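Thanks for sending this one over. Below are my notes, point by point, for you to read with the model open beside you.

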Amino acid sequence: VNMKLMKYFGAVVIAALLLFLFVVNFSSVESRLQCSGEISSKGGSRPTTIYMKVAEYRWWVGLWGDSDGALWLEIPNELFEYYGHVIEVGDQLQIFDSEKKIRGNYSTLSKTLTISTPAGFFDGTCKRIIN
């Protein structure tokens with residue numbers, strides 16, 4: 001009886017490990033984009049290129065979290081921002097800061113990004129890049 005119990009326990013451990021590896025490796029889809037537009041602040045506006053990485057979570061992540069994704073923004077040599085709370089509303093990704101105040105939107109349909117950053121307000125269009 002002890003040997004059967006050990007085999008059963010081993011099978012359960014292997015199944016749990018495989019499930020864990022599946023969840024870790026397949027819980028999000030990542031996109032990398034280059035966004036060209038203008039950033040405006042009190043000093044005026046200027047053309048800017050922002051690089052963005054978007055992780056869109058699979059449906060099962062909603063079982064333990066309230067975010068549909070995460071987003072990283074980079075203005076080379078100037079700014080790097082992380083937004084850990086992203087909500088998908090139709091074709092829009094609503095981007096929130098750590099205090100859950102809305103900072104901007106990204107449209108997966110028109111590929112436009114509007115977001116308030118510490119460097120100013122950015123408005124532009126994005127295209128997918130391959131890394």
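1. A cut-off to start with: buried means under 20% relative accessible area, exposed means over 50%, and partly exposed covers what lies in between. Arg 32, at 32% relative accessibility, therefore counts as partly exposed. Please keep in mind throughout that this is a predicted model.

2. On the overall layout, the protein chain has one helix and eight strands. Read from the N terminus, the order of the elements is α-β-β-β-β-β-β-β-β. Of the chain's 131 residues, 28% count as buried.

3. Helix 1 deserves a look for its surface. The helix spans residues 2-26, and Tyr 8 has its place there. Tyr 8 is exposed, with a relative accessible area of 57%. Together with Leu 5 and Val 12, Tyr 8 makes a nonpolar surface patch of about 320 Å².

4. Next, the disulfide. The structure holds one, formed by Cys 35 and Cys 126 with their sulfur atoms 2.1 Å apart. Cys 35 sits in strand 1 (residues 28-41) and Cys 126 in strand 8, so the link ties together parts that are 91 residues apart in sequence. The link is right-handed, with 100 degrees about the S-S bond. Are the two cysteines buried or exposed? Cys 35 is buried, at a relative accessible area of 0%, and Cys 126, at 9%, is buried as well.

5. Strand 8 also takes part in a hairpin. Strand 7 (residues 112-117) and strand 8 (residues 120-128) pair in the antiparallel sense, over six bridges. Two residues lie between these strands in the hairpin.

6. Turning to charges, the structure holds three salt bridges. One of the bridges joins Glu 30 to Arg 32, with the closest N and O atoms 3.1 Å apart. Glu 30 is partly exposed, at 42% relative accessibility, and Arg 32 is partly exposed too, at 32%.

7. Another bridge pairs Glu 78 with Arg 46, the closest N and O atoms being 2.6 Å apart. This pair links distant parts of the chain, 32 residues apart: Glu 78 is in the loop between strand 3 (69-75) and strand 4 (79-89), while Arg 46 is in strand 2 (residues 44-57). Glu 78 counts as partly exposed, at 42% relative accessibility, and Arg 46 is likewise partly exposed, with a relative accessible area of 34%.

8. My last point concerns Asp 97, found in the loop between strand 5 (92-96) and strand 6 (102-107). Which residues does Asp 97 contact? Its side chain reaches the backbone nitrogen of Lys 101 at 2.9 Å. Asp 97 also forms a salt bridge with Arg 103, where the closest N and O atoms are 3.7 Å apart. The cut-off for a salt bridge is 4 Å between such atoms, so the 3.7 Å pair of Arg 103 and Asp 97 qualifies. Asp 97 counts as buried, at 15% relative accessibility, whereas Arg 103 is partly exposed, at 29%.

Methods. Residues numbered from 1 in each chain as written. Predicted model: local features only at pLDDT ≥ 70, side-chain atom pairs only at ≥ 80, totals over all residues. Heavy atoms only, no water. Pairing = 2+ DSSP bridges. Helix = DSSP H or I, 4+ residues; strand = E, 2+ residues; numbered from the N terminus. Disulfide = S-S within 2.5 Å. Buried < 20%, exposed > 50% of the residue type's maximum accessible area, 1.4 Å probe, protein only. Patch = residues over 30% accessible without salt bridge, like charges linked within 9 Å, V, L, I, M, F, W, Y side chains within 5 Å. Areas by Shrake-Rupley, 256 points an atom, 1.4 Å probe, with all protein chains shown as cover. Salt bridge = Lys/Arg side-chain N within 4 Å of Asp/Glu carboxyl O. Polar contact = N/O pair within 3.5 Å; in protein donor to acceptor, adjacent residues only side chain to side chain.
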